[in-house]
Amino acid sequence: MNFSREFRDPRVARCLLAEIRQAVDGQTGVLTFMEVCGTHTMAISQQGIRSLLPPAIRLISGPGCPVCVTPVDYVDHAIALARRPGTIIATFGDMVRVPGSSSSLLREKAQGADVRIVYSPLDAVALARRNPERAVVFLGVGFETTAPTVAGSILQAQKQGISNYFVLAAHKTMPAPMAALSADPELQVDGYLCPAHVSAIIGAAAYQPLAREGGVPCVVTGFEPLDILQGVLLLARQATAGVAKVEIQYSRVVKPDGNRKAQQLLAEVFAPADAHWRGIGVIPGSGLEIRSAYAPFDAARQLPVAVEAPREAAGCLCGEILKGKVTPHQCPLFRTGCTPENPVGACMVSSEGTCAAEYKYGI
Amino acid sequence: MTSDIILLGHGSGGTLSHQLLDELIVPLLSGYGPHQQNDAAVVPFAGQRLAFTTDSYVVDPIFFPGGNIGDLAINGTVNDLAMSGARPVVISVGLILEEGLPVEDLRRILIAMRQAADAAAVAIVTGDTKVVPRGKADRVFINTSGIGVFDHELDIRGSGARPGDVILLNGPIGDHGMAVLVAREGLAIESDIRSDSAPLNGLVAELLRVGGAAVHALRDPTRGGVATTLKELANQSQVEITLDETALPVRPAVSGACAILGLDPLFVANEGKLLAVVAAEAAERVLAAMREHPAGVEGAIIGEVTGGAAGKVLLKTAIGGRRAIEMLAGEQLPRIC
Amino acid sequence: MCLGVPMQVKSIDGEVAVCEIDGVRREASLMMVDGVRVGDFILIHAGFAIERLDAEDAQATLLIFREMLDRGLGPE
C-alpha cells in the first residue's frame with residue numbers, strides 16, 4: 001500500500017465530483033467553504049480543484065499560512081538577529097523571502113548574514129553543536145504540526161548539553177482564529193475544511209465547539225486530491241442537510257484525541273500566550289511562548305537586539321485576504337504593485353500564501 | 001530592476017533572471033541585434049550560419065551522483081548549440097580554480113570533460129586557467145563556449161511554436177537538480193538519484209533527419225526546469241501551451257524527494273533533456289525516432305500548443321483539473337508547508 | 001506548515017528511525033510517536049514522525065472509493 005498514490009485516482013475523482021454535484025443539485029445560492037491550512041491552499045490550487053467544482057461551491061482561504069499571519073515585527077526581529085555578530089539564523093525555507101519593514105532574510109544573506117535553510121529543527125541543533133562559538137537561532141514559526149518538533153529540538157539540545165541553540169518562537173494555535181472568523185458578521189462560512197496535520201496533533205475533537213455552538217460543519221481533510229474532494233463532499237452534504245458536526249475524512253492519520261505524546265511535548269516546552277494575528281488582531285491564548293524552565297533557549301530573552309519600528313506597507317490588504325474577505329484579484333496591488341519578485345505582503349511571498357497560490361496557479 | 005543588489009535569484013533562471021537580462025545586461029551589451037533569447041546565438045558568417053554559445057558552471061557540490069562539474073560544462077554547451085539545430089564542433093574551456101583545490105579533484109574533472117567531449121564528438125581546442133585565493137571561488141568555476149555549424153537549412157528557434165504543435169520530452173524530469181540537491185549537506189537525504197547530464201546533439205540530429213521542417217523549436221530545460229522553459233517558449237512564440245500532468249515522466253525517487261522537500265519537479269533542473277515542439281502530423285514518427293535513440297528511450301508527448309492566450313502555460317492536473325504554470329521569481333526553496 | 005510525507009520505517013536505532021519512500025531515505029525522530037515498528041508507515045514532518053498511518057483506516061477509505069467506482073458514478 002502506498003499511502004499517497006492510492007488517493008490520486010482520477011476515476012474516483014470523477015465519482016466524487018458527480019456526488020458533489022448531486023449534493024448541491026437544486027441548491028440556491030453559493031456555499032462558501034474555508035480552508036485554514038497553507039498546505040490546503042497550495043494543494044487546492046496545484047490540483048486545479050476549483051476548476052472542477054460546481055459553481056454552487058466556493059472555496060476560500062483563511063488564515064492558514066503561519067508565515068502570513070506572523071506580524072512584520074517578527075521578521076524585523078529575525079533580521080536584527082541575523083545582523084548580530086557571530087549568529088547563524090537557521091530557518092525553514094518558507095520564511096526566507098518574507099518582507100520585513102525594510103529588508104528580508106534573503107536580502108540579509110545576500111549582504112553577508114549567515115542564514116541557512118534547514119529541513120528540520122534538529123538540523124539546527126546539529127548546526128549549533130558543530131559551531132559552538134556561534135549562536136544558532138532557529139525561527140520557530142508554524143502551527144501545531146510544527147511546534148512540537150521545535151519543542152523536541154529544545155529538549156534534544158538540553159539533553160545534549162548544547163548551550164548555543166536558541167529559538168525565536170512565534171508559534172500559533174488552531175482552532176482559535178476559526179472561532180474569531182465565525183463570529184465575524186461580514187463573513188459567511190458554510191463549512192470548514194479543517195487542517196490535516198494540525199488535527200493529527202490536536203485531534204478532531206478540538207473543532208467540536210465550532211460545530212456545536214458555532215453551527216458550522218467541520219471536516220478534517222487530507223491533502224491528496226481524493227481527500228480534498230471527499231472533504232468537500234462531506235461538507236456539502238452537511239451544509240445542504242442543515243447539519244453541523246465534526247467529521248474526520250483523513251481517518252488514516254487523524255484521531256478524535258490526536259497525538260497525546262506530541263501534545264505533552266508541546267505543553268512541556270511551550271505555554272499558551274496571547275498572540276497577534278496579522279489582519280485579525282490579538283487572539284487570547286492563541287500563541288505559544290517558551291516556558292521559563294526553558295528560558296536558556298529563548299532567543300528573545302537571551303539575545304537582546306534592537307529591532308526597528310514595524311512598518312506595514314501602504315495599501316497592503318493581506319489582513320483582509322487572510323480573513324477570506326478579499327480575494328487576491330480584488331486587491332488593487334495584485335500582480336501590479338505586488339508580485340513574487342517585488343512582494344508587498346507576506347501573502348504573496350510566503351510559499352503557501354493565498355496570493356502566491358493564485359499568482360502561481362490561477363488561470 | 002526591483003533590487004539594488006544582486007541576489008541569488010538573479011541567477012536562477014526565473015523572472016528575476018529575465019529582469020536582469022532584459023533591463024540591464026542586454027540593453028547595455030547588445031550591439032548586434034535584437035535579443036534572440038535562444039540557447040545559442042545564430043550568426044551569419046561568410047555566407048553560412050554559425051551557432052555560438054557560452055555558459056558558466058558554478059554547481060555545488062562539484063561532484064555528485066551521475067557526474068561532476070566537468071562533464072556538465074561540456075554537455076551544457078554542446079546541448080545549447082544542439083538546440084539551435086547546429087552540429088557542435090569546437091569548445092573552449094575557461095577554468096577558475098580556488099587556491100587549495102586538490103589536484104586529484106581537478107584531474108577527475110578534466111578526465112570527465114575529455115570523456116564528455118569525445119562522447120559528443122566535439123574538440124576542446126582552446127582554454128584558459130586562472131587561480132584565485134582561497135575563498136574567492138567555490139573550488140572551481142568553469143566557463144565553456146562553443147561553436148557549431150549547420151548541415152541543413154532549417155530555422156529552429158524559440159519563436160517557432162505554432163498552435164496545433166505537439167510537445168515531446170525525451171525522458172524523466174528533475175534528475176539532475178535533485179541529484180545535486182540531495183548531494184548537498186544539510187538536507188540529510190539519501191537516494192540513488194543520479195544526474196542525467198548527457199550530450200543531446202546525436203538525438204537532435206536524428207530528430208531533424210526524421211522530422212525536418214516539422215521540428216519547430218528545441219529547448220533544453222535546465223535551470224528553472226520544464227515549466228520555466230515552456231513559459232519562455234510560450235512567450236517567445238506568443239502561443240498557449242497545455243501540459244498533461246499524467247504524461248510527464250518522473251522517476252519515483254525524484255517525486256519522493258520532491259515531496260519531502262516541498263519542491264515541484266516541473267521546476268527542477270535537467271541536464272540531459274530536451275523539449276521538441278513538432279508539427280502534429282510528424283509527431284508520431286519523430287517520437288518513434290526519439291525512442292529509438294539511446295538518449296530518448298523514455299520519450300513521451302507531454303503536451304500541445306493550444307489556441308488560447310499568448311504566453312500562457314496551463315497544466316491539466318492528474319484529476320482532470322486545470323491550473324496555470326508561472327515562472328518562479330527566484331530559486332525554488334525547500335518548504336515544509 | 002503541514003507538509004507531511006508517508007514513509008516506511010526501514011530500521012530503528014533508539015529514538016531515530018530510518019524511513020524510506022520510493023527509494024529516498026531520511027532519518028526521522030520518533031520523539032512524538034510511541035510503538036513504531038519496522039515496516040510501519042509513518043507521517044514525516046520536518047524530520048519527525050508525527051503520527052503512524054493506520055492501514056485499516058486507509059483501506060476503509062479506499063473501500064468507499066472502490067464502491068463509488070463500482071456504482072458506476074462519474075461520466076467516463
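What percentage of the 76 residues in chain C do buried residues make up? Buried residues make up 43% of them, where a residue is buried if 20 or more other C-beta atoms lie within 10 Å of its own, exposed if 12 or fewer, and partly exposed in between, with C-beta atoms placed from the backbone. The model is predicted: local features need pLDDT of at least 70, side-chain atom pairs count only at pLDDT 80 or more, and totals for chains, interfaces and linings use all residues. Residues are numbered from 1 along each chain as its sequence is written, and chains are lettered from A and ligands numbered from 1 in the order in which they are written.

Chain C has 1 helix and 5 strands; helices (H or I, at least four residues) and strands (E, at least two) are DSSP runs, numbered from the N terminus. From the N terminus on, the order of these elements in chain C is β-β-β-β-β-α. The radius of gyration of chain C is 16 Å, well over the 11 Å that the globule rule gives for 76 residues, so chain C is more spread out than a compact globule. This radius is taken over C-alpha atoms, and the globule rule is 2.2 Å times the number of residues to the power 0.38. The C-alpha trace of chain C spans about 50 × 25 × 25 Å along its principal axes. Of the contacts in chain C with a separation of 6 or more, 31% are between residues 24 or more positions apart; two residues are in contact if their C-beta atoms, placed from the backbone, lie within 7 Å.

One residue of chain C, C:Val38, lies in the loop between E3 and strand E4 (41–45) of chain C. C:Val38 is exposed because 11 other C-beta atoms are within 10 Å. Leaving aside residues up to four places away in sequence, C:Val38 touches C:Val9, C:Lys10, C:Ser11 and C:Ile12. C:Ser11 is 27 residues from C:Val38 along the chain, and their C-alpha atoms are separated by 5.7 Å.

Chain C is in contact with both other chains discussed here. Towards chain A, 32 residues of chain C are in contact with 43 residues of chain A. On the chain C side of this contact, E4, strand E5 (48–52) and helix H1 (55–70) each supply at least two residues, and H1(C) gives the most, with 9 residues. This side of chain C divides into 22 nonpolar, 6 polar and 4 charged residues; Ala, Val, Leu, Ile, Met, Phe, Trp, Tyr, Cys and Pro count as nonpolar, Asp, Glu, Lys and Arg as charged, and the others, Gly among them, as polar.

Towards chain B, 13 residues of chain C are in contact with 16 residues of chain B. Strand E3 (residues 24–29) of chain C gives the most to the chain C side, with 4 residues. That side holds 7 nonpolar, 2 polar and 4 charged residues. E3(C) also pairs with strand E9 (residues 189–190) of chain B in the antiparallel sense, over 2 bridges; two strands pair if DSSP finds at least two bridges between them. C:Arg25 in E3(C) is the bridge partner of B:Glu190.

Chain A contains an open sheet of 4 strands in the order E4-E3-E5-E6, with parallel pairing. Strand E4 (114–117) and strand E6 (165–169) are its edge strands, each pairing on one side only. Strand E5 (residues 135–140) of chain A is joined to E6(A) by 5 bridges, and A:Val137 stands opposite A:Phe166 in E6(A). Helix H5 (residues 121–130) of chain A lies across strand E3 (87–91), E4, E5 and E6 of chain A, running at about 170 degrees to E5(A). Axes are lines fitted to C-alpha atoms, for helices over the stretch in contact, and angles run from 0 to 180 degrees between N-to-C directions.

Chain A is divided into domain 1 (1–308) and domain 2 (318–361), with bounds that come from an automatic or database domain assignment. The centres of the two domains of chain A, taken over C-alpha atoms, are separated by 18 Å. In the contact between them, 27 residues of domain 1 meet 18 residues of domain 2. H2(A) provides the largest share of the domain 1 side, 6 residues.
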